[in-house]
Structure formats: C-alpha cells, structure tokens
Amino acid sequence: MSQIDKIMEEAEHSYFKEDNLEKVLELTKKAMDIDPTDIRPIDLMGVALFETGHNDESIICYDKIIELDPDNNDAKLKKGQVLTELKKYSEAISIFDELIENNTDRKDEAIIAKLTLNIEMEDEESYQKTLKLCKKVIAEEDSKYLKDEIGFIESIHSLLKNQ
C-alpha cells in the first residue's frame, strides 16, 4: 500500500466514521503535496470544503479534477451542485445539461439536480420539460435511481406549488 493510499484510507475513515472534516482537509492536503495529480484527495477535499461552507474553494478542487481528467463526470456534477448552492444557476444548468445531453454516467443524477434547481428557481416551464425527460428516461432505460427519486421531487414540487 502506497503512502497516499494510507493517507487516503485515514482521510476516508475520518470522513465516514469520525465526521472530522478538519482532519480530512489536513490529510487530503498532505496527500496532494505528495502527488498533486492524484484525483482522490482533491475530490475528498472538495467534498469536505463544500460541507464546511467553503464553496468557492470546493469549486477550485473540482476544476482541478476536470483539468486533470476532462471526462470526470462526477467532478462536473459536484461542481454543478456547488454552483447551485452559490446561486449561480445558469452555470449549474449548463453543467447539468452537458451531462444529460452527452448521455454520461451521471445523467440521471444531473436530471434530478436540474429538477430540484428548477424548483428552487421557480421555473415551472423548465421543470415540466425536465420532468418529461425524466419520465422518458425511466420508460426507456428503466432507471432505478430516477424511479426512486422522482416521487420525492414531485412531492416537494407539489407542496411548494400549493403554498
């Protein structure tokens, strides 16, 4: 097991078992100092920064991952989610649309992220278009993830519409 593997094992333990985000940040920084091209510590650092409210720094992590691996759809999705938190809606929608249109491995998550963003933006027209796409994907691809999530999203949408 390499030195970075050991550090990442400890960082993941700190994240999942201890919920010690400061230790996660310290360990991921240490791993990045050893190998700044290893995506694992950059990704975990991005998550920890997001969870501690350091959204701009979190985006820097995801941009670095995308720079190192332009096809990393997980980093793109996470960047879109952080942009949503920062209320940079048009940038987030662009990312989600790219993931959907390119039929990536994160397409389903991007559809759900876009639906929730449409609700937040109170954009009923875009919500309905995205919902139609979601139902089409469920019908054509039998997406368990979308089936599991869509009921909850529609309930939230309905509650907010009826307020």
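Analyst: The crossing of α1 and α2 is left-handed; a crossing has this name if the near helix is turned anticlockwise from the far one by less than a right angle, and it is right-handed if the turn is clockwise. The labels follow DSSP runs numbered from the N terminus, in which a helix is a run of H or I of at least four residues and a strand is a run of E of at least two. The model is predicted, so local features need pLDDT of at least 70 and side-chain atom pairs count only at pLDDT 80 or more, while totals for chains, interfaces and linings use all residues. Residues are numbered from 1 along each chain as its sequence is written, and side-chain values use heavy atoms, with hydrogens and water left out.

Two packed helices are described by the angle between their axes and the distance between the axes. Helix α1 covers residues 3-16 and helix α2 covers residues 21-34; their axes come within 8 Å and cross at roughly 165°. Here an axis is a line fitted to C-alpha atoms, for helices over the stretch in contact, and angles between N-to-C directions run from 0 to 180 degrees. The angle makes α1 roughly antiparallel to α2, a term used over 145 degrees; under 35 counts as roughly parallel, 65 to 115 as roughly perpendicular, and the rest as oblique.

From α1, the residues Q3, I4, I7, M8, E10, A11, S14 and Y15 make the contact, and from α2 it is L21, K23, V24, L27, T28, K30, A31 and I34. Contact means heavy atoms within 4.5 Å. Sorted by class, the contact of α1 with α2 has ten nonpolar, three polar and three charged residues. In this scheme Ala, Val, Leu, Ile, Met, Phe, Trp, Tyr, Cys and Pro are nonpolar, Asp, Glu, Lys and Arg are charged, and the others, Gly among them, are polar.

A pair of aromatic rings is described by the distance of the centres and the angle of the planes. The structure holds one aromatic pair. The ring centres of Y15 and F16 are 4.8 Å apart and the ring planes stand at 85°, so the pair is edge-to-face. Rings of Phe, Tyr and Trp (its six-membered ring) pair if their centres lie within 6.5 Å; planes under 30 degrees apart count as stacked, over 60 as edge-to-face and the rest as tilted. Y15 is buried, with a relative accessible area of 16%, whereas F16 is exposed, with a relative accessible area of 63%. Buried means under 20% relative accessible area, exposed over 50% and partly exposed in between, with a 1.4 Å probe and protein chains only.

The link between the two helices also deserves attention. Most residues other than glycine have a negative phi, and most peptide bonds are trans. D19, in the loop between α1 and α2, has a positive phi of about 55° although it is not a glycine. At 56% relative accessibility, D19 counts as exposed. Elsewhere, D142 has a positive phi of about 55° and is not a glycine either; D142 is placed in the loop between α8 (124-141) and α9 (144-161).

Helix α2 has a further partner. Its axis and that of helix α3 (residues 39-51) come within 9 Å and cross at roughly 150°, which makes α2 roughly antiparallel to α3. The crossing of α2 and α3 is left-handed. Here the contact is made by L21, V24, L25, T28, K29, A31 and M32 of α2 and by P41, I42, L44, M45, A48, L49 and E51 of α3. By class, this contact of α2 with α3 has eleven nonpolar, one polar and two charged residues.

The whole chain provides the setting. The protein has nine helices and zero strands, and its C-alpha atoms fill a box of roughly 50 × 35 × 25 Å, taken along the principal axes. Buried residues make up 44% of the 163 residues. Of the contacts with a separation of 6 or more, 45% are accounted for by residues 24 or more positions apart. K114 lies in helix α7 (residues 107-121) and, at 13% relative accessibility, counts as buried.
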